[in-house]
Structures are given as structure tokens and as C-alpha cells.
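Here are my notes on the model, point by point. Please read them with the structure open beside you.

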Amino acid sequence: MNSIFYAVISAAAVVLMILFCRFQNNKIDVTEYTVYSKDVENNLTFVQLSDMHSKPFYEAVKKTESINPDAVLITGDFINDKGKNKEKMLEIAERLLKTAPVFYITGNHERRLENFESLMNELRNTGFQVLLNDISEEIMNGNTITILGLDENQAGFKDYAARRKGTFKYRDMSPLFRQFEKHNGFKIVLSHFPENFEAVKENNYSQYDFDVQLSGHAHGGQFILPFIGPVFSPGQGLFPKYARGSFGGRPKLIVSRGLGNAEFPLRLFNHPEIVVLKVKKGK
């Protein structure tokens, strides 16, 4: 009798654990930020999607559709480094484009793909505006919006090894930022790597004249522990600072916790996240 009882309890515990993990990985949080700018006359709404990692997350698409943004901004790792679920992710792309224009940058996972160039062309063919160290000046709801999309390509396996040795050298993006600063309107930087905002000494992005940087990559630290916070991020190590939330004034860094998982399959107290950026007229 005792053995049956313990078997039932064990089975129930396993089922509860599976349900808990499923909830942690699939319950989407929507986090809204509001920024005021003298460079807009009419209100704008942007949705940031990051780090889907080949997860055909249709619930995220539905939430994006319900928000009805002026544009969708994808900050990398849309498809993982195995090219998993590529056709389904292209379907996701087409659905997003029915809602709003989509501006997309690469993450470290896309950059590891042997078919990188053909994937970029496939995304362009869906209608994605693929920004590989490119600047796009747009008119949205009567406002001039300039978007700099960075293709930093700095997180291959050799790069991680160089970081551990202390020999990694960050790319000098200053010529691109100087060109970006000459453009008009509200200025947004899309960068996969949040630590590049101010943690990199001479090459940090926060020194330049723009409004908001949107980043991902850190997955919210994967686990967020009570009283401790985010646990780990590639490129930042243990207890990363730039794993979630916002930093600075102008420019401001906003870090998405992302929507999917990479090598490690479980989030803990760290639900998938959609970021909504509201831009309103003001000082």
C-alpha cells in the first residue's frame, strides 16, 4: 500500500513540475515603457520581440496584433543556430508583417549559421527590413523615425573564449554612429548585446546622441532568484547587470528578457517578455 501511495505522490509531483515549467516558459509578460521626445508630434507605439530562438510562439504574435504597433522591432536570435523550425518562423514573419512594418537585426545565433546570407534573403523576401549595420529613416504617424540596426557579430564560440581570456576586442562602431547622429527625428538603436550600451569602455554606445537602444541576448539571466535577481548571461557572466529593465535617461537602454530559450531549456521566475515602447511628445 505504501509503495502505491508513494508512486502516486511521485507521479503527481512530476506532473506538477512539468506544468510549472511549462507555465514559466510560456506565460508572456507585456512590459510597457514610455519615453518623451521633442522630436515627435504624434504618439507612437513600438513592439520589441527578442530571442525567439526558433520557437513558433503564436501567442506572442497574437499579443503583438492586439497591441497594433506602428512598427515591430526584432532584436536578434529570431532563428537559432541549428536553423530549427525555419519554415514556421518564416510564417511567423509573414503574420507579423500583416500587423506592422518589421525591422530586424541579427543575434549571435543567426551569425553562426552556414546559410546566413540565404536566410537574410528569405527574411527580406517576407518583407522584413533587415538591418546589417544599416540606417533606415522612416515616416511613422507623421513623425520622422531613424533606426540604426547593428550587426555586431561578436558572440561566436571563439569570441566567448577570448572574453574568458580577457583578449576580446569590441568593434569600433563610431563611424556608423557618427553618420547616425546626422539624421533627423526620434532615433532608435537596435543592438542584440545590452552590455555594449555602457559596459564597454571606449566603444560604448551611450556616448552617442540618440534616444533609445533596444537589446536582448541576456534572456533575463535565465533564472531570476528572489532577493538575488538575474543569475547568468553570456558575455556578462554571473549576476549580470544588463539582463532586464531599463538604464539611463537619454539615451535610454531597454533590455528585453526575450521569448525563447537557447541551449538551456528552462526559465525560472522569468517569463517570456514582449516590450512595448510608447513614444510621446514632451521634453
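This is a predicted model: local features need pLDDT of at least 70, side-chain atom pairs count only at pLDDT 80 or more; totals for chains, interfaces and linings use all residues.

1. Residue numbers count from 1 along the chain as its sequence is written.

2. Strand 16 and strand 1. Start with strand 16, residues 273–281. Strand 1, residues 29–37, runs parallel to strand 16. Nine bridges join the two. To find the pairing on screen, go to Asp-29: its bridge partner in strand 16 is Glu-273.

3. Strand 16 and strand 2. Strand 16 also pairs with strand 2, residues 44–49. Here the strands run antiparallel, with five bridges between them.

4. The largest nonpolar core. Which residues have the most contacts inside the largest core? They are Ile-74, Phe-78, Leu-123 and Phe-128, in a set of 30 residues. Several elements each supply at least two residues of this core: strand 2, helix 2 (58–67), strand 3 (71–75), helix 3 (86–97), strand 4 (102–105), helix 5 (116–126) and strand 16. Helix 3 gives the largest share, five residues. In soluble globular proteins, nonpolar side chains tend to be buried together.

5. Leu-123 in detail. Set aside its neighbours within four places in sequence. Leu-123 is then in contact with Phe-78, Leu-90, Tyr-104, Phe-128 and Val-130. Two of these names, Phe-78 and Phe-128, are also on the list of residues with the most contacts inside the core.

6. A separate core. Another core, of 22 residues, lies apart from the largest one. Its members include Phe-46, Ala-71, Ile-145 and Ile-147.

7. The largest pocket. Its volume is about 380 Å³. It is lined by 20 residues, and the closest to its centre are Gln-222, Phe-232, Pro-234, Ala-262 and Glu-263. Helix 4 (108–111), helix 6 (157–165) and strand 12 (232–233) each give two or more residues to the lining. By class, the lining holds nine nonpolar, eight polar and three charged residues.

8. The second largest pocket. This one holds about 270 Å³ of space. Of its 19 lining residues, His-53, Lys-55, Lys-84, Asn-261 and Ala-262 are the closest to its centre. Which classes make up the lining? It has four nonpolar, nine polar and six charged residues. Note that Ala-262 is listed among the closest to the centre for the largest pocket and for the second largest pocket.

Note on methods: Side-chain values use heavy atoms; hydrogens and water are left out. Two strands pair if DSSP finds at least two bridges between them. Helices (H or I, at least four residues) and strands (E, at least two) are DSSP runs, numbered from the N terminus. A nonpolar core is a set of buried Ala, Val, Leu, Ile, Met, Phe, Trp, Tyr and Cys residues joined through side-chain atoms within 4.5 Å. Buried means under 20% relative accessible area, exposed over 50%, partly exposed in between (1.4 Å probe, protein chains only). Contact means heavy atoms within 4.5 Å. On a 1 Å grid over the protein atoms alone, a cavity is a set of points where a 1.4 Å probe fits but cannot get out, and a pocket is an open set with protein on both sides within 12 Å along at least five of seven lines; lining residues have an atom within 4 Å of a point. Grid points are joined across faces, edges and corners, and a volume is the space filled by probe spheres set on the points. Ala, Val, Leu, Ile, Met, Phe, Trp, Tyr, Cys and Pro count as nonpolar, Asp, Glu, Lys and Arg as charged, and the others, Gly among them, as polar.
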